[in-house]
Amino acid sequence: MIELITASKVHLPEIKRIAYETWPATFGAILSEKQIAYMLDWMYSIPSLTSQIDEKGHVFILAQEGDEYLGYVSYELNYSGLPKTKIHKIYLLPASQGKGVGALLIDRVGEIATENQNKALLLNVNRYNKAVGFYEKMGFNIVGNETIDIGDGFLMEDFMMEKPL
């Protein structure tokens, strides 16, 4: 049975491990190895993850089956002062994909958002990521494009997606 647990700082190494195992499979065909390494270091160092929780108000939820962690989602309520919840990250180990874990995580964030009077879920996704289709099946619609300069000559070229609650 899959259990969803709110992560604490003791789980940060596990979140980092999942990211490092997931990203090459997720982005290997669309980003260079150098950009993947840069982004992993930028977003998944323990100090960066700690800052996301302590300073930015991100909450991480882990999906766990037995003693194995399958993936995670992070979110922020009332994003930019709006009654909307931003999903900042959602990644599943490749072996866990296609088993409904991603849907469980998104549904849980939707429940939390609704409990907090938020009216929509937001997320950004790389324009070339095959997950775009998954998000559309989950009720998200593309509402814009965003290109973000993340430094070192790298760009994040994303679709902005929204799901009404």
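Hi everyone, let's start with the largest pocket, which holds about 1,300 Å³ of space. A pocket here is found on a 1 Å grid over the protein atoms alone: an open set of points where a 1.4 Å probe fits, with protein on both sides within 12 Å along at least five of seven lines. Grid points are joined across faces, edges and corners, and the volume is the space filled by probe spheres set on the points.

This is a predicted model, so local features need pLDDT of at least 70 and side-chain atom pairs count only at pLDDT 80 or more, while totals for chains, interfaces and linings use all residues. Residues are numbered from 1 along each chain as its sequence is written, and side-chain values use heavy atoms, with hydrogens and water left out.

By the way, helices (H or I, at least four residues) and strands (E, at least two) are DSSP runs, numbered from the N terminus.

Now, the sheet. Its 7 strands form an open sheet with mixed pairing, in the order E1-E2-E3-E4-E5-E7-E6. The edge strands, E1 (2–6) and E6 (141–151), each pair on one side only. From one strand to the next, the twist averages 30 degrees. Strands of a sheet pair through backbone hydrogen bonds, either parallel or antiparallel. We say two strands pair if DSSP finds at least two bridges between them.

Let's walk across. E2 (59–65) and E3 (68–76) are antiparallel, with 7 bridges, and leucine 62 stands opposite tyrosine 72 in E3. E4 and E5 run parallel, joined by 4 bridges; lysine 86 has leucine 122 in E5 as its bridge partner. Leucine 122 also stands opposite glutamate 162 in E7, where 7 bridges join E5 to E7 in the antiparallel sense. E5 is mostly covered, with 6 of its 7 residues buried. Buried means under 20% relative accessible area, exposed over 50%, and partly exposed in between, using a 1.4 Å probe and protein chains only.

What about the helices? Helix H2 (33–44) lies across E3, E4, E6 and E7 (154–164), at about 60 degrees to E7. Angles run from 0 to 180 degrees between N-to-C directions, with axes fitted to C-alpha atoms, for helices over the stretch in contact. Contact means heavy atoms within 4.5 Å.

Is asparagine 129 buried or exposed? Asparagine 129 counts as buried because its relative accessible area is 11%. Isoleucine 142, in strand E6, is partly exposed, at 39%. Not counting residues up to four places away in sequence, isoleucine 142 touches Val132, Glu136, Phe159, Met160 and Met161.

Notes. On a 1 Å grid over the protein atoms alone, a cavity is a set of points where a 1.4 Å probe fits but cannot get out, and a pocket is an open set with protein on both sides within 12 Å along at least five of seven lines; lining residues have an atom within 4 Å of a point.
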